[in-house]
Amino acid sequence: MAKEINTIGVLTSGGDAPGMNAAIRAVVREALYKGKKVKGIKRGYAGLLNEEIVDMDAKSVSDTISRGGTILQTARCMEFVTEEGQQLGAEICRKHGIDAIVVIGGDGSFKGAQKLAALGINTIGLPGTIDLDIACTDYTIGFDTACNTAMEAIDKIRDTSTSHERCSVIEVMGRGAGYIALWCGIANGAEEILLPEKYDHDEQKLIGHIINARKLGKQHYIIINAEGIGDSQNMAKRIEAATGVETRATILGHMQRGGSPTCKDRVYATTMGAMAVDLLCEGKSNRVVGYKNGEFVDFDIDEALAMKKNIPDYMYGISQSLV
Ligand code: ADP
Ligand code: F6P
């Protein structure tokens, strides 16, 4: 018999992402609509262990759908990786009458949710990360906004790069994954896209491409370099020394994590938030919501964590052929 859920907790964990507030709002409002109580847990698992738990009502999430960041704050918490930390987390949930938690974060956060589920607290994970590096889903909350933010910044860099006839190395976030780099590379029509999953580190070949482009009369040369490769400042110096083309590096950094979420991030995050509550009300636990082949779906967290994700071959191919 499925356990009846009366009170649902919600937390954000790991790096923040635009759209997390839309997801929190949907969790709160859908839970209230279904007659459940909601508690917000501040600062991820760290806040759970510190009992930073607040009652939430419909008004707690007013005026939040358009706001970047997360109103619940987020944190990384090493104590929760330990068995003692997880036991304490489950005990605190019981003490506060929380029978279920919606965890918005990445793979690391889902591992925490998996542990809580095993300790009797029903959990649902929502994929919240700008990196798109969660295997069970084609969409993660915040990726669309981060790509749009980076794309607009890169357009601006391209303007000045063209005026000065420079080469630009622009580093985008993504941790070990190259999805933001791939999407921006295509959206900005970059001459070169360096992804950790694909780059062969043949800098001589890259330098040859720049020299050739200059001979053909190209006034700029935009290289989108993924954070997982990094070293952009030194790369720019080496390129300038080898080609004689003035080269500047820009690391876009945390601006990619902020800002008002795009329409897509608001709508998808809202759908996922509501779905998390619906799954809990059906008695489901240890599940993660994803978006696959045009549909919102859910997977067992254990299966989701075992899945592998690759850079789509066709997209990568065109990023190379359309330069
Ligand atoms: P993300 O969720 O974006 O992948 P992290 O990997 O930093 O980010 O994980 C966020 C938090 O999730 C960690 O700080 C920790 O509290 C929790 N977490 C990560 N791995 C585990 C684990 N193996 N077991 C329990 N909790 C974990
Ligand atoms: O996971 C999101 C992300 O922004 C990554 O792209 C990046 O590598 C990391 O978080 C940065 O983390 P921090 O905010 O701790 O510097």
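**Reading the site of ligand 2**

Me: Which residues surround ligand 2?

Reply: A residue is near a molecule if one of its heavy atoms lies within 4 Å of it. Here, R76, T129, I130, D131, M173, G174, R175, E227, H254 and R257 surround ligand 2. This is a predicted model, where local features need pLDDT of at least 70, side-chain atom pairs count only at pLDDT 80 or more, and totals for chains, interfaces and linings use all residues. Residues are numbered from 1 along each chain as its sequence is written, chains are lettered from A and ligands numbered from 1 in the order in which they are written, and side-chain values use heavy atoms, with hydrogens and water left out.

Me: How many residues of the shell around ligand 2 are nonpolar, polar and charged?

Reply: Ala, Val, Leu, Ile, Met, Phe, Trp, Tyr, Cys and Pro count as nonpolar, Asp, Glu, Lys and Arg as charged, and the others, Gly among them, as polar. The shell has 2 nonpolar, 3 polar and 5 charged residues.

Me: What lies 2.8 Å from an oxygen atom of ligand 2?

Reply: A polar contact is a pair of N or O atoms within 3.5 Å. At 2.8 Å from a ligand 2 oxygen atom there is a polar side-chain atom of R257. A side-chain N or O atom of R175 is 3.2 Å from an oxygen atom of the ligand, and a polar backbone atom of G174 is 3.1 Å from one.

Me: Why does ligand 2 lie between domain 1 and domain 2?

Reply: Domain bounds come from an automatic or database domain assignment. Domain 1 (7–142 + 261–306) and domain 2 (144–257) both contribute shell residues, so ligand 2 lies between them. Their centres, taken over C-alpha atoms, are 34 Å apart.

Key
Polar contact = N/O pair within 3.5 Å; in protein donor to acceptor, adjacent residues only side chain to side chain.
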